[in-house]
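Keep the structure open as you read.

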Amino acid sequence: MRSRRWDPAVAMANVQEFGEHGGVNPDICDSSTYTFLEPDGMERTFLGQQPGCYLYSRHYNPTCAYLGRLLAAMEDLEDCVVTASGMAAITCALVQLVDPGDEIVASRCIYGGTHTLLERVFPQKFGVSVRFVAPTCLEDFERAITPRTRVFYVETLSNPLLEVAPLDELAALAHRHGIKLMVDNTFAPLLVTPAHHGADVVVHSLTKFINGMSDTIGGAILGSREFIGSLRDLHQGTAMLFGPTMDGLRAASIAKNLRTLHLRIPQHAKNAHYLAERLQESGVPVVYPGLPQYPQRKLLAKLGNTKKYGCGGMLTVDLGSKQMADKLLRALQMQRVGYLAVSLGFYRTLFSAPAASTSSEVDKEEQQSMGLRPGLTRFSVGLDPDIQLSWERFCEAAHEVGFVLRR
């Protein structure tokens, strides 16, 4: 574990590059292919004997490489490959790590698309078994290990229930058995640095907090230089052969937005904390990692830099039923509290009911076993300049639909 003086935002700030003609931003490369001075240079690159050369943008692109260097600095890992989406990042990384007959032990409470990928696609298409366990229970992970287990897969803060994975203990257990720990850190950029707690591979949906504008899709895989090199391998690398390529223009846009992440994350957290406190005072069942009653508050403080960056911009509210959730979320949008939309990390507040949206792929019995109720709503709290006004509008919306707030 690194010193608490290490700061991911400072690490990114130290990645200082400029354009070919002295521009304060690196040049954007929109070439799909690259020239060689001699034929044997092209041949050596295809044979893997000339690493670092640009060949074809499905393989490597200078602008994407720059974004990757920023992200690798942020996560304190050696290298990074960026992809066209977060799901592309997860898929490519996992397929690179496992072979037919291998097994993955995964958190039960993860993003619905990831859950479906692991529950259905990996066993049926790749011959890889997946066991789902409670994300907070180390004993469940240990009981699920077999000689064929190759990967533990967790989210730093689970989507949507906001449970914290015990990364230090999971990493120690995994490494005792020769298993890789893979962590999706989408909900907690800057807040937690999984590599400092033993994670071997970190993935992100760049679409969310990192980009912050809800105007593009992107993903990232971070790890050792050796592992990222294997992903880019021309002959067997999934990040090359699956073709999950990010466009250079998009990479440049995300890189610019990434430079303000250290300003945005504390504001998301500040606003989320304010709303969580008001909801709690009003008698509403709310889960937010910054509240004193949050059961894993000490664990998150141990893992993360909560004093500087807060406890994240996500909270959940149990509205009791899907019917009430539908009515209130519609009213919240009409009152301009935010938008009834999936995704997260936008500068406006976004809200949805995961059981009927982002986790709808998960069958109802599994939803129930993980604690995902039909009336549970997920809020990605925005950068509201007047969060008190947002709360007043929330109260108006609640009054309109008959949702009782204790005042």
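This is a predicted model: local features need pLDDT of at least 70, side-chain atom pairs count only at pLDDT 80 or more; totals for chains, interfaces and linings use all residues.

## Sheets, helices and cysteines

Strand E11 (residues 350–352) and strand E12 (residues 376–380) pair in the antiparallel sense, over three bridges. Two strands count as a pair if DSSP finds at least two bridges between them. Strands (E, at least two residues) and helices (H or I, at least four) are DSSP runs, numbered from the N terminus.

Residues are numbered from 1 along each chain as its sequence is written, and side-chain values use heavy atoms, with hydrogens and water left out.

E11 and E12 belong to an open sheet of five strands with mixed pairing, in the order E8-E9-E12-E11-E10. Strand E8 (286–287) and strand E10 (339–340) stand at the edges with a single partner strand each, so one side of each has no neighbour in the sheet. Helix H11 (residues 261–281) packs on this sheet and touches E8 and strand E9 (314–318). Contact means heavy atoms within 4.5 Å.

Another open sheet has seven strands, also with mixed pairing, in the order E1-E7-E6-E5-E4-E2-E3. Its edge strands are E1 (79–83) and E3 (129–133), and each pairs on one side only. Strand E4 (residues 149–155) and strand E5 (residues 180–184) run parallel, joined by five bridges. Val154 has Val183 in E5 as its bridge partner.

Now the helices on this sheet. Angles run from 0 to 180 degrees between N-to-C directions, and axes are lines fitted to C-alpha atoms, for helices over the stretch in contact.

| Helix | Strand | Angle |
|---|---|---|
| H4 | E6 (201–205) | about 160° |
| H8 | E1 | about 35° |

How do H4 and H8 pack, at what angle and how far apart? Helix H4 (residues 86–97) and helix H8 (residues 225–232) meet at about 100°, with axes 10 Å apart. The two are therefore roughly perpendicular (65 to 115 degrees). H4 brings Cys92, Ala93, Gln96 and Leu97 to the contact, and H8 brings Phe227, Ser230 and Leu231.

Last, the cysteines. The whole structure has zero disulfides, a disulfide being a pair of cysteine sulfur atoms within 2.5 Å. For Cys109, the nearest cysteine sulfur is that of Cys137, 14 Å away. Cys395 is buried at 9%.

Definitions and conventions
Angles under 35 degrees count as roughly parallel, over 145 as roughly antiparallel, 65 to 115 as roughly perpendicular and the rest as oblique. Buried means under 20% relative accessible area, exposed over 50%, partly exposed in between (1.4 Å probe, protein chains only).
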